[in-house]
Amino acid sequence: MNEKHKKALVKGNDAVAMGAIEAGCRFYFGYPITPQNEIPEYMAAHLSDGRGTFIQAESEIASINMLLGASATGARAMTSSSSPGISLKQEGLSYMAGSEIPGVVVNMSRSGPGLGGISPSQGDYFQATRGGGHGDYRVFVLAPDSVQECYDLTMLAFDMAEKYRNPVLILGDAMLGQMKESLDPKTYRPTGTFDKSWILTGAKARPGRFLKSLYLDDGELTEHNWKLYRKYLKMREDVRYEALWLEDAELVVVAFGSMARVLKSSVDMAREEGLKVGLIRPITLYPFPEVFIRGTSRHIRHFLVMELNTGQMVEDVKLSAEPGARVDFFGLPPGMLPAPDVLLGEIKKVYPSAASAPKERS
Amino acid sequence: MKQVFKRPECLIDVPFHFCPGCHHGLVHRLVAEAIDEFQLREKTIIAASVGCSVFMYDYFDVDVVESPHGRAPAVATGVKRARPDAFVFTYQGDGDLAAIGTSEIIHTANRGEKVTVFFVNNTIYGMTGGQMAPTTMIDQISTTTPYGRDPEEAGYPLHMAELLAMLPGTAYSARVAVNSVKNLMQAKKATKRAVQTQLDRAGFSFVEYLSACPTNWKMSTEAANRRVQEELIPCFPLGVFKDRRAGQGEDPKRAKE
């Protein structure tokens, strides 16, 4: 094992930056915002002096458009920010989706609305999974729950961006970005080979190419939107989730990111007390693991969705579950991160599930 | 017999969609001639903008990426950093560059990005139907200044060529017009100089073209051409405001001292 691949105690933000560089990202554009500043700082340290390009842009808007430009030439490029900055990037994301330009965007989200605060929150779920900007488009969304996944999923993000010629968003939060854990910095191995016939290189011995999202002729834009839609359907082949303790479960808790991380302890505690509780953690928030949740809901009829917001992913779980399955929700708006025993208390409030009709409980 | 005039080779043989008397066609041609003369067709990547000039890819047989409104200089920055050997330029109107894109143009120039910006200033939003632009002249009538631009309410026309010339990252900044043969010759010279500046990696280069918009000015093509001479040029003086290698303007390293 060489020095580069030695296990180390690393912050989530640094793990993202390390994963990006390992995956061949040599262009980074960003703007300072808490709680993700370690990412641009790491990239500045590792991409300056001729090893790549680091630009501290004048705004998040400029950053996303620099990403658009660099990615248009086929380069692996990244920008990162946190919630208010991600709002500013939505225009660029919409253009990238429309022009089918890949690129990796990291949202180490904070809490809103408005300036909000810097505490962990999952209030950006809708923005991340519904496109976020104008128009009928989607971005591929990866939600890590550990420092190791911050590293691994960032490497995967570059592959998914090129595979689908689409922006990929990594949705973490203040907790994941700021906490330190042991990281095994694995060697990057591409998950496939990706078509580069569209990139702009200068029209050497060929006609000019263009990357655009403007379609004005009759029917052109309709066809373009259908083409994008088919691509979003195809993304389902790369859906990812973690499923734990489902075999005999009577209640399935569904959570992502840092909430899922805390819940793993809560579910562990529930199991120790003999409660038959399982956990589903969507890792890709878009594409959402709806087929898996639908299948699960045929034999486990009770779900409890837990989020650090007042109810966003719960809508996707309700849309995925078979009719008749019960979907409860527990949400915590930003400001505090719940302890495992608090969440265990919430689990006990809806368990046992015989309680599909809770009023019958005596 | 020697051929003295032809369609530039990097232009696709289709008619421009521009209105009669519009100067975009002339500026397109000047840029295309420069690409041909420097033999840059196979090295060019354009960051197109939003406005009447959005259809660059319909006319130029080169690689083009579309940018969001005002963001072309940031897109060009990304392209140029990833492809330092490419010839990268934006082509933007006054609403795109001097209103919504003010931040991007100033910071791109200030970083001294080795890109070229061709800026068409016709003092009005053309594509959207003649609203006030940041470059609309005092008392000029537009659909959103129906009584003329009143600086008390709407401020003053922005002078981009002078403004950008002040920045140490800018190596070349000029303002030209294309309303007469004499001015066209100057405009061609400035266009080539801006291209040469990028090829020499001397810094950011910028050419502002004063242009007519007869449709939205609600004028005949002749009257619009006269207006460029009689109103635009007095408001926006022509000239080279900076040409670093010609000894004008500061050295960026010394600007730090």
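Predicted model: local features only at pLDDT ≥ 70, side-chain atom pairs only at ≥ 80, totals over all residues.
Residues are numbered from 1 along each chain as its sequence is written, while chains are lettered from A and ligands numbered from 1 in the order in which they are written.

Domains, then. Chain A splits into domain 1 (3–237) and domain 2 (242–360); the bounds come from an automatic or database domain assignment. Their centres, taken over C-alpha atoms, are 29 Å apart. Across the boundary, 27 residues of domain 1 are in contact with 21 residues of domain 2. Contact means C-beta atoms, placed from the backbone, within 7 Å.

Which element gives the largest share of the domain 1 side? That is α5(A), with 4 residues. The residues of that side divide into 13 nonpolar, 10 polar and 4 charged. Here Ala, Val, Leu, Ile, Met, Phe, Trp, Tyr, Cys and Pro count as nonpolar, Asp, Glu, Lys and Arg as charged, and the others, Gly among them, as polar.

Now the sheet. Five strands of chain A form an open, mixed sheet, in the order β10-β12-β11-β14-β15. Helices (H or I, at least four residues) and strands (E, at least two) are DSSP runs, numbered from the N terminus. Pairing takes at least two DSSP bridges. At the edges sit β10 (241–244) and β15 (326–331) of chain A, each pairing on one side only.

Inside, β11 (251–254) and β12 (277–282) of chain A pair in the parallel sense over 4 bridges. One bridge joins A:Val254 to A:Ile280.

How values were computed: Contact = placed C-beta atoms within 7 Å.
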